[in-house]
Amino acid sequence: MLYRRRLPPPETPVDRLWNISDSLADQLNNLKIFTYEDLTSKNLIDLWSDLKAKYRGISKLTYYALWGAVTNIHWKNVPPSEIEKIESFISTKKVTTPELLEIRK
């Protein structure tokens with residue numbers, strides 16, 4: 001399993017976190033998430049839903065990247081329990097973008 005020994009300091013910018021691409025960092029910044037501390041303070045399913053509602057191309061791999069950034073583990077090593085969590089959410093929330101926005105209010 002690919003992981004890093006230490007979690008990043010709370011003030012680490014999201015664009016410096018493992019698994020976070022430049023485009024995902026920009027999207028997170030647009031949602032007022034600028035640091036590792038900001039990211040870890042969010043519920044990842046809710047954050048993924050917000051990203052999905054606002055941006056094209058957000059997939060379950062985005063959730064894996066977010067989870068990996070929070071735990072400091074490579075996104076390809078997401079455990080089955082987390083995979084099941086996002087798969088279950090996606091299968092029960094087959095809604096359009098405007099409906100996702102309404103759910104989040």
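Q: Does Ser 59 count as buried, partly exposed or exposed, and what is its class?
A: Buried means under 20% relative accessible area, exposed over 50%, and partly exposed in between (1.4 Å probe, protein chains only). Ser 59 has 28% relative accessibility, so its class is partly exposed.

Q: Where does Ser 59 lie?
A: This is a predicted model, where local features need pLDDT of at least 70, side-chain atom pairs count only at pLDDT 80 or more, and totals for chains, interfaces and linings use all residues. Residues are numbered from 1 along each chain as its sequence is written, and side-chain values use heavy atoms, with hydrogens and water left out. Helices (H or I, at least four residues) and strands (E, at least two) are DSSP runs, numbered from the N terminus. Ser 59 sits in the loop between H3 and H4.

Q: How far apart in space are Ser 59 and Ser 49?
A: In sequence, 10 residues separate Ser 59 from Ser 49. In space, C-alpha to C-alpha, the distance is 10.0 Å.

Q: At what angle do the axes of H3 and H4 cross?
A: Axes are lines fitted to C-alpha atoms, for helices over the stretch in contact, and angles run from 0 to 180 degrees between N-to-C directions. H3 covers residues 44–54 and H4 covers residues 60–71. Their axes come within 10 Å, and the crossing angle is roughly 135°.

Q: Why is H3 called oblique to H4, and what is the term for other angles?
A: The axes of H3 and H4 cross at roughly 135°. Angles under 35 degrees count as roughly parallel, over 145 as roughly antiparallel, 65 to 115 as roughly perpendicular and the rest as oblique. That makes H3 to H4 oblique.

Q: How many nonpolar residues does the contact of H3 with H4 have?
A: Contact means heavy atoms within 4.5 Å. Residues of H3, including Leu 47 and Trp 48, meet residues of H4, including Tyr 63 and Trp 67. By class, the contact has 1 polar and 1 charged residues, and the nonpolar ones number 9.

Q: Which helices do the buried residues of H1 pack against?
A: In H1 (residues 22–30), Leu 24, Ala 25, Gln 27 and Leu 28 are buried. Seen down the axis, they fall within an arc of 160° (taken from the directions from the helix axis to the C-beta atoms), so they line one face of H1. They pack against H3 and H4.

Q: How many helices are in the protein?
A: Along the sequence, the pattern reads α-α-α-α-α-α. There are 0 strands, and the helices number 6.

Terms used: Nonpolar A, V, L, I, M, F, W, Y, C, P; charged D, E, K, R; others polar.
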